[in-house]
Amino acid sequence: MLKTLQKTAILAGACLAFATGASAQKLTGEIGVDGSSTVYPITQAVAEEFMGEHKEVRITVGVSGTGGGFKRFATGETDISDASRPIKASEAKTAAENKINFIEIPVAFDGLTIVVSKKNTWVNQLTIDQLKMIYLASNEGKVKTWKDVDPSWPATPIKIFSPGTDSGTFDYFKEVVAGKDAMRSDMSVSEDDNVLVRGVTGDDGAIGYFGCAYYFENKDDLKAVPIVNGKGVAVTPSAKTIEDGSYEPFARPLFIYVNVKSLDRPEVAAFIDFYLKEGGELAEEVGYVRLPKSVYTKAAANVRSRKTGTQYTDADGNAVHGPVTEVYK
């Protein structure tokens with residue numbers, strides 16, 4: 001009996017040593033991420049936490065914009081692409097042509113935030129029609145001051161700021177506000193949201209837009225404009241209004257896309273697992289809104305099963321719209 005117990009103890013000790021050694025196995029290597037400046041604060045926060053635990057892994061996170069990130073991702077230059085909108089059919093086609101299979105992973109909610117200077121005392125809400133007046137190319141020669149938008153407002157010149165055309169935030173804003181119409185050409189544009197923050201902050205008549213985290217981080221210097229939703233209610237972006245959908249049409253999910261081949265590398269697989277476990281909390285820490293737990297659970301299952309492709313484009317290449325809880329399966 002004693003020999004049996006000793007043998008059992010030895011086997012248990014060996015199993016424990018094996019398990020401890022496996023869990024403590026050092027990860028090494030480099031992970032390349034590029035894309036959305038909106039998603040950047042989340043991915044950077046996750047990367048810093050991960051590298052704090054795995055000091056021999058180096059993660060670089062770029063901010064080329066969603067479109068710029070997908071261009072690199074679709075040719076195999078990066079392992080992960082940050083995106084503030086779903087991948088387009090044309091981008092997915094380029095990836096397929098280059099034999100890049102990917103997994104789509106929602107990571108947080110954002111509320112695209114329309115901002116003006118703190119010194120702007122007249123704009124207390126805006127409608128989508130008023131945003132059309134300000135941003136559409138057809139109004140470029142007609143709408144030059146705030147008085148042109150509303151006769152009760154001062155004749156202060158409007159200085160318009162916007163993310164660049166490689167930005168998913170630009171794509172989303174254009175889809176909601178302009179549709180098939182062109183955006184005006186006299187805007188000050190940048191792929192760097194911090195440049196837009198400084199631009200709006202420094203001009204009394206300025207207006208701009210970007211992800212809500214950049215507003216929350218700079219709310220002492222900027223004024224978020226309540227947007228009149230489909231029910232006729234002026235709503236300010238907040239964690240509650242973004243999650244419950246009342247801040248529409250500017251509440252939206254944010255994504256990362258991971259190259260399936262990259263997941264064969266232990267450091268990438270571990271990072272994605274870490275992202276899905278910790279990303280929701282870190283997203284809230286940097287100013288975004290975590291998704292329902294069911295979405296993270298489904299995303300983790302999709303990673304395990306290697307479910308590839310986008311769920312935001314149908315078989316005919318048309319964009320699919322709706323709440324992330326309904327679209328993402």
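1. The model is a predicted one, in which local features need pLDDT of at least 70 and side-chain atom pairs count only at pLDDT 80 or more, while totals for chains, interfaces and linings use all residues. Residues are numbered from 1 along each chain as its sequence is written, and side-chain values use heavy atoms, with hydrogens and water left out.

2. The buried residues of α6 are Gly 168, Thr 169, Phe 170, Asp 171, Tyr 172, Phe 173, Val 177 and Ala 178. Their cover includes the helices α3 (66–73) and α5 (128–135) together with the strands β5 (113–117), β6 (159–163), β8 (206–210) and β12; helices (H or I, at least four residues) and strands (E, at least two) are DSSP runs, numbered from the N terminus.

3. A search of the whole structure finds 17 aromatic pairs, where rings of Phe, Tyr and Trp (its six-membered ring) pair if their centres lie within 6.5 Å, and planes under 30 degrees apart count as stacked, over 60 as edge-to-face and the rest as tilted. One of these is the stacked pair of Phe 173 and Phe 250, at 6.0 Å centre to centre and 10 degrees between the planes. This pair links distant parts of the chain, since Phe 173 belongs to α6 (residues 168–178) and Phe 250 to the loop between α9 (239–243) and β12 (251–259), 77 residues apart. Phe 173 is buried at 0% relative accessibility, and Phe 250 is buried at 1%.

4. Phe 255 and Tyr 312 form an edge-to-face pair, 5.2 Å centre to centre with 80 degrees between the planes. Here too distant parts of the chain are linked, with Phe 255 in strand β12 and Tyr 312 in the loop between α11 (293–305) and α12 (324–327), 57 residues apart. Phe 255 is buried at a relative accessible area of 0%, and Tyr 312 is buried at 5%.

5. Helix α10 (residues 266–285) packs with α11 at an angle of about 180 degrees, with the axes 10 Å apart; axes are lines fitted to C-alpha atoms, for helices over the stretch in contact, and angles run from 0 to 180 degrees between N-to-C directions. The two helices are therefore roughly antiparallel, a term used for angles over 145 degrees, with under 35 as roughly parallel, 65 to 115 as roughly perpendicular and the rest as oblique. In this packing Ile 272, Leu 276 and Gly 280 of α10 meet Tyr 296, Ala 299, Ala 300 and Val 303 of α11, with contact meaning heavy atoms within 4.5 Å.

6. Lys 132 is found in helix α5 and is partly exposed, with a relative accessible area of 26%. Its C-alpha atom is separated by 6.5 Å from that of Ala 178, 46 residues apart along the chain.

Definitions and conventions. Buried means under 20% relative accessible area, exposed over 50%, partly exposed in between (1.4 Å probe, protein chains only).
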